[in-house]
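These are my notebook entries on a structure that I had not looked at before. I record what I looked up, one topic at a time.

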Amino acid sequence: MSIADASWTPDAGSAIPTEPVLRIWALALATYGIGDGITTALLVWASPLHREANPVVIAAIDAFGGGGLIGLKALAIGVCVAISLWGSTDDDPFVFYLPPITLALVGTATTLLNLNLLL
């Protein structure tokens, strides 16, 4: 399969609608990528009362600073995109929709938790 070959995307004959998943991905990026990212950064660097609880995130921040946090988020999003695309090739709506829905739910929960800790 070449880069110009778009056969990996759901085509017109696919049972998977593509427009709703774009909205879910936008929500996932807004909540997990931006909301959780910003509130985590505020907690880690601006709040003397709080510390990051995830040991993987702590190690990444200790080693690479803010780039470590951004890198981990980009890795998580990239893995989820790959899983979602894999689900689209099998015409499997569950695998296609599950990664962005999971990221949106996790992003919403962690953003709200972080906001609660900040206030």
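**Entry 1. Basis of the values**

I note that this is a predicted model, in which local features need pLDDT of at least 70 and side-chain atom pairs count only at pLDDT 80 or more, while totals for chains, interfaces and linings use all residues. Residues are numbered from 1 along each chain as its sequence is written, and side-chain values use heavy atoms, with hydrogens and water left out.

**Entry 2. The whole protein**

I looked up the secondary structure and found four helices and zero strands. The order from the N terminus is α-α-α-α. Helices (H or I, at least four residues) and strands (E, at least two) are DSSP runs, numbered from the N terminus.

I then looked up burial. Of the 119 residues, 31% are buried. Buried means under 20% relative accessible area, exposed means over 50%, and partly exposed lies in between (1.4 Å probe, protein chains only). The protein exposes about 7,400 Å², and carbon and sulfur atoms supply 72% of that area. Accessible areas come from the Shrake-Rupley method with a 1.4 Å probe; for residues, only the protein chains shown count as cover.

For contacts (heavy atoms within 4.5 Å), I took those with a separation of 6 or more: 69% of them join residues 24 or more positions apart.

**Entry 3. Helix H2**

I looked up helix H2, residues 55-64, where Val57, Ile58, Ala60 and Ile61 are buried. These residues lie on the same side of H2, because they cover an arc of only 165 degrees around the axis. The arc is that of the directions from the helix axis to the C-beta atoms. On the other side of H2, Pro55, Val56, Asp62 and Ala63 are exposed. The buried residues of H2 pack against H1 and helix H3 (66-89).

I checked both ends. Asparagine 54 caps the N-terminal end of H2, with a side-chain oxygen 2.9 Å from the backbone nitrogen of valine 56. Just after H2, glycine 65 has a positive phi of about 65 degrees.

**Entry 4. Helix H3**

The expected span of a helix is 1.5 Å times one less than its number of residues.

The buried residues of H3 are Gly68, Leu69, Lys73, Ile77, Cys80, Ser84, Gly87 and Ser88. Their cover includes H1, H2 and H4. Alanine 74, also found in H3, is partly exposed at 46% relative accessibility. After H3 comes aspartate 91, with a positive phi near 55 degrees.

**Entry 5. Helix H4**

I looked up helix H4, residues 93-118, which has 26 residues and reaches 37 Å from its first C-alpha to its last, close to the 38 Å expected. H4 has a kink of about 25 degrees centred on proline 99. The bend at a residue is the angle between axes fitted to the seven residues ending there and the seven starting there.

Among the buried residues of H4 are Val95, Tyr97, Pro99, Leu103 and Asn114. What covers the buried residues of H4 includes H1 and H3. At the start of H4, a side-chain oxygen of aspartate 92 comes within 3.1 Å of the backbone nitrogen of phenylalanine 94.

Phenylalanine 96 lies in H4 and is buried, with a relative accessible area of 5%. Its C-alpha atom is 7.4 Å from that of tryptophan 86, ten residues away along the chain.

**Entry 6. Helix H1 and threonine 40**

Is threonine 40 buried or exposed? I found that it is buried, with a relative accessible area of 5%. Threonine 40 is in helix H1, residues 19-46. Its side chain reaches the backbone oxygen of aspartate 36 at 2.7 Å. A polar contact of 3.1 Å also joins the side chains of threonine 40 and asparagine 114. A polar contact is a pair of N or O atoms within 3.5 Å; within protein, one must be able to donate a hydrogen and the other to accept it, and residues adjacent in sequence count only if both atoms are side-chain atoms. Leaving out residues up to four places away in sequence, threonine 40 touches Glu52, Leu69 and Asn114.
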